Amino acid sequence: MPFEGYTQEQYAQDMIDAYKAAGVDPSRVWAQSFVPDDIFYWIENEPDFGRQAVYLDERVDTVEGYTNATASLPDLAARGVQIMAPAFFALTKVDNATGTIVPSEYAVAAKAAGLELVTWSFERSGWLNEGGGYYYQYVAPVINNDGDAYTVLDVLVQQVGITHIFTDWPATVTYFASCFGL
């Protein structure tokens, strides 16, 4: 965007207008975007939809981006953002003193700013006995088998406090939720 005169703002509004035209109650819509201006647009122009707009935060993909994203969380909350959604690796880290998986600086900062956390995308990774790849990059030193996915999920739910998780294969998350009555 823009494309042949069609702007990003028009796209953001058209999406909301489609929900309105279909009679969908705003409480049932979690508009989401990787584009922060979309989130700000919905907050400012469509507050009924903007209050639960989900900022899909891909800024965490680099060390510098992670640091900047973490530092920006209070400002985003001050601008009305209520829900952040980074990839789940950005919400956990290894506590080097104990060798356990704990909430990351991003997770702690988001909670301190009063932000709700949603994350993605569980069960998209490689084998955990081989490090798990992209989604397990921050905890790879302490994982060694596929069961460790439950350890990470437990930290995300019980310590980080995520409210939702996108997953490619829902069996693990569903089983976990069923066991804990979530």
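Ground rules. Numbering starts from 1 along each chain as its sequence is written, and side-chain values use heavy atoms, without hydrogens and water. Because the model is predicted, local features need pLDDT of at least 70 and side-chain atom pairs pLDDT 80 or more, while totals for chains, interfaces and linings use all residues. Helices (H or I, at least four residues) and strands (E, at least two) are DSSP runs, numbered from the N terminus.

Sheet first. Five strands form an open sheet, ordered β1-β2-β3-β6-β7, with parallel pairing. Pairing requires at least two DSSP bridges between two strands. β1 (32-33) and β7 (164-167) are the edges; each has a single partner strand, so one side of each lacks a neighbour in the sheet. β1 pairs with β2 (residues 54-57) over two bridges, in the parallel sense. There, serine 33 sits opposite tyrosine 55 of β2.

Next, α2, residues 36-45. Its buried residues are Asp38, Ile39, Phe40, Tyr41, Trp42 and Ile43. Buried means under 20% relative accessible area, with a 1.4 Å probe and protein chains only. Among the elements covering them are α1 (8-21), β1, α3 (47-50), β2 and α4 (63-78).

Last, α4 against α5 (residues 105-112). The angle is about 15°, and the axes are 8 Å apart. Axes are lines fitted to C-alpha atoms over the stretch in contact, and angles run from 0 to 180 degrees between N-to-C directions. The two helices are therefore roughly parallel, a term for angles under 35 degrees. Who makes the contact (heavy atoms within 4.5 Å)? From α4, Tyr66, Ala69, Thr70 and Leu73; from α5, Glu105, Tyr106, Ala109 and Ala110.

Terms used: Buried < 20%, exposed > 50% of the residue type's maximum accessible area, 1.4 Å probe, protein only. Contact = heavy atoms within 4.5 Å. Parallel < 35°, antiparallel > 145°, perpendicular 65-115°, else oblique.
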